[in-house]
Amino acid sequence: MKVAFATEDGVLVNAHFGQSPMFTVFEIRLSGVQFLEHRQLAPGSDENEAGKIASRISLIEDCALIFLVQIGASAAAQVTKRTIMPVKVAYGSSIEEQVQRLQNMLARNPPMWLAKILHAEEGSGKVES
């Protein structure tokens, strides 16, 4: 499953969804983790509130989870409508630690919310072990 992290530096989860200049994306599987890319916001995409949200969603629309510091109610509704689950973590959390934590959850007994996402991706043929 692809997982995005709202970040200002590509190292820490340190951004609010609506103000994040980039998203760091990983592929996380039972068999391992792979860094995919840093997805940067295009210049001028922050012209209005609707544009801010839409431009960020378009960067992460192929992801199952988005780790972030904060997300507004309107943005959260739009993200979840796209079947992307927002996960709030403490400001300054290490992306590497969050990736490890998520992989450990997958390897053990994943919580219900994560099992549901995995099941949905397996049904669509998106997940590999």
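**Figure 1. How much of the chain is tucked away.** Of the 129 residues in the chain, 43% are buried, where buried means under 20% relative accessible area, exposed over 50%, and partly exposed in between (1.4 Å probe, protein chains only). This is a predicted model, so local features need pLDDT of at least 70 and side-chain atom pairs count only at pLDDT 80 or more, while totals for chains, interfaces and linings use all residues. Residues are numbered from 1 along each chain as its sequence is written, and side-chain values use heavy atoms, with hydrogens and water left out. The chain exposes about 7000 Å², and carbon and sulfur atoms supply 51% of that; these areas come from the Shrake-Rupley method with a 1.4 Å probe, and for residues only the protein chains shown count as cover.

**Figure 2. The run of helices and strands.** The chain has 4 helices and 7 strands. Here helices (H or I, at least four residues) and strands (E, at least two) are DSSP runs, numbered from the N terminus. Take the contacts (heavy atoms within 4.5 Å) between residues at least 6 apart in sequence: 50% of them join residues at least 24 apart.

**Figure 3. The five-strand sheet.** An open sheet of 5 strands runs in the order β4-β3-β1-β5-β6, with mixed pairing. Strands of a sheet pair through backbone hydrogen bonds, either parallel or antiparallel; two strands are called a pair here if DSSP finds at least two bridges between them. β4 and β6 (85-88) sit at the edges with a single partner strand each, so one side of each has no neighbour in the sheet. From one strand to the next, the twist averages 25°, with axes taken as lines fitted to C-alpha atoms (for helices, over the stretch in contact) and angles running from 0 to 180 degrees between N-to-C directions.

**Figure 4. Strand β3 and its partners.** Strand β3 (residues 22-29) is mostly covered, with 7 of its 8 residues buried. Strand β1 (residues 2-7) pairs with β3 in the antiparallel sense over 6 bridges, and A6 has F23 in β3 as its bridge partner. Strand β4 (residues 32-40) is joined to β3 by 8 bridges, also antiparallel. Look for F26 opposite F35 in β4. Between β3 and β4 there are 2 residues, and the two strands form a hairpin.

**Figure 5. V3 between strands.** β1 and β5 run parallel, joined by 3 bridges, and V3 stands opposite L65 in β5. Skipping neighbours within four places in sequence, V3 is in contact with T24, V25, F26, I28, C63, L65, F67 and L102.

**Figure 6. The largest nonpolar core.** A nonpolar core is a set of buried Ala, Val, Leu, Ile, Met, Phe, Trp, Tyr and Cys residues joined through side-chain atoms within 4.5 Å. The largest one has 20 residues, and M1, V3, F5, L65 and F67 touch the most other members. Two or more residues come from each of β1, β3, β5 (65-68), α3 (95-107) and α4 (112-124). α3 gives the largest share, 5 residues. A second, separate core has 19 residues, among them A15, F23, A75 and I84.

Figure 7. Rings of Phe, Tyr and Trp (its six-membered ring) pair if their centres lie within 6.5 Å; planes under 30 degrees apart count as stacked, over 60 as edge-to-face and the rest as tilted. F5 and F26 have ring centres 6.0 Å apart and planes at 90°, so this pair is edge-to-face. F5 is in strand β1 and F26 in strand β3, so the pair ties together parts 21 residues apart in sequence. Both F5 and F26 are buried. The rings of F17 and F23 have centres 5.8 Å apart and planes at 45°, so that pair is tilted. F17 is buried at a relative accessible area of 0%, and F23 is buried with a value of 0%. Ring pairs also link F5, F26, F35 and F67 into a cluster.

**Figure 8. Helix α3 and Q98.** α3 lies across β1, β3, β4 and β5, running at about 30° to β3. Q98 belongs to helix α3 and counts as buried at 10% relative accessibility. Leaving out neighbours within four places in sequence, Q98 is in contact with F5, F67, V89 and S93. Q98 and L12 are 86 residues apart along the chain, and their C-alpha atoms are separated by 9.5 Å.
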